[in-house]
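Have a look at the sequence and the model first, then read on.

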Amino acid sequence: MWRGRPFADLGDEPFVDRECRRLEQLHMVARRTLAEARIALGRAGEVIGDLERLVDEHPLDETLVELLMTALDRSGRTADA
């Protein structure tokens, strides 16, 4: 149910930037954990799109790149991995 930036309507309140970064990090970790679980359950093809978006958003996160490569490989897309 994630929809845009948290607290967007609060503007310049002092806590907003810090709390937004924290919540966005938690959201990314939740998406990564869900992808890991689906891959472990043999449903790797279902997470490729989300992992591609995550890697685009966080290109230096090696764990996400590894998950994407694993999902591609387990979906029969070895050349893409």
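How many helices and strands does the chain have? There are three helices and zero strands, so-called DSSP runs numbered from the N terminus (helices are H or I with at least four residues, strands are E with at least two). Going along the sequence, that reads as α-α-α.

A quick word on what you're looking at: this is a predicted model, where local features need pLDDT of at least 70, side-chain atom pairs count only at pLDDT 80 or more, and totals for chains, interfaces and linings use all residues. Residues are numbered from 1 along each chain as its sequence is written, and side-chain values use heavy atoms, with hydrogens and water left out.

Here's how the helices pack, with axes being lines fitted to C-alpha atoms over the stretch in contact and angles running from 0 to 180 degrees between N-to-C directions.

| Helix pair | Axes come within | Crossing angle |
|---|---|---|
| Helix 1 (residues 16-40) and helix 2 | 11 Å | roughly 145° |
| Helix 2 (residues 48-57) and helix 3 (residues 62-74) | 9 Å | roughly 155° |

On the helix 2 side, the contact (heavy atoms within 4.5 Å) is made by Ile 48, Leu 51, Glu 52, Leu 54 and Val 55, and helix 3 brings residues including Leu 64, Leu 68 and Ala 71. By class, that's 10 nonpolar, no polar and one charged (Ala, Val, Leu, Ile, Met, Phe, Trp, Tyr, Cys and Pro are nonpolar, Asp, Glu, Lys and Arg charged, the others, Gly among them, polar). Zooming in on Leu 68, and skipping neighbours within four places in sequence, its contacts are Ile 48, Leu 51, Glu 52 and Val 55.

Now for helix 1 and helix 2. Met 28, Arg 31, Arg 32, Ala 35 and Ile 39 of helix 1 meet Asp 50, Leu 51, Arg 53, Leu 54 and Glu 57 of helix 2.

What about the inside? Buried residues (under 20% relative accessible area, with exposed over 50% and partly exposed in between, using a 1.4 Å probe and protein chains only) make up 25% of the 81 residues. The largest nonpolar core has 14 residues, and Ile 39, Val 47, Leu 51, Leu 64, Leu 68 and Ala 71 have the most contacts inside it. Such a core is a set of buried Ala, Val, Leu, Ile, Met, Phe, Trp, Tyr and Cys residues joined through side-chain atoms within 4.5 Å. Helix 3 gives this core its largest share, five residues.
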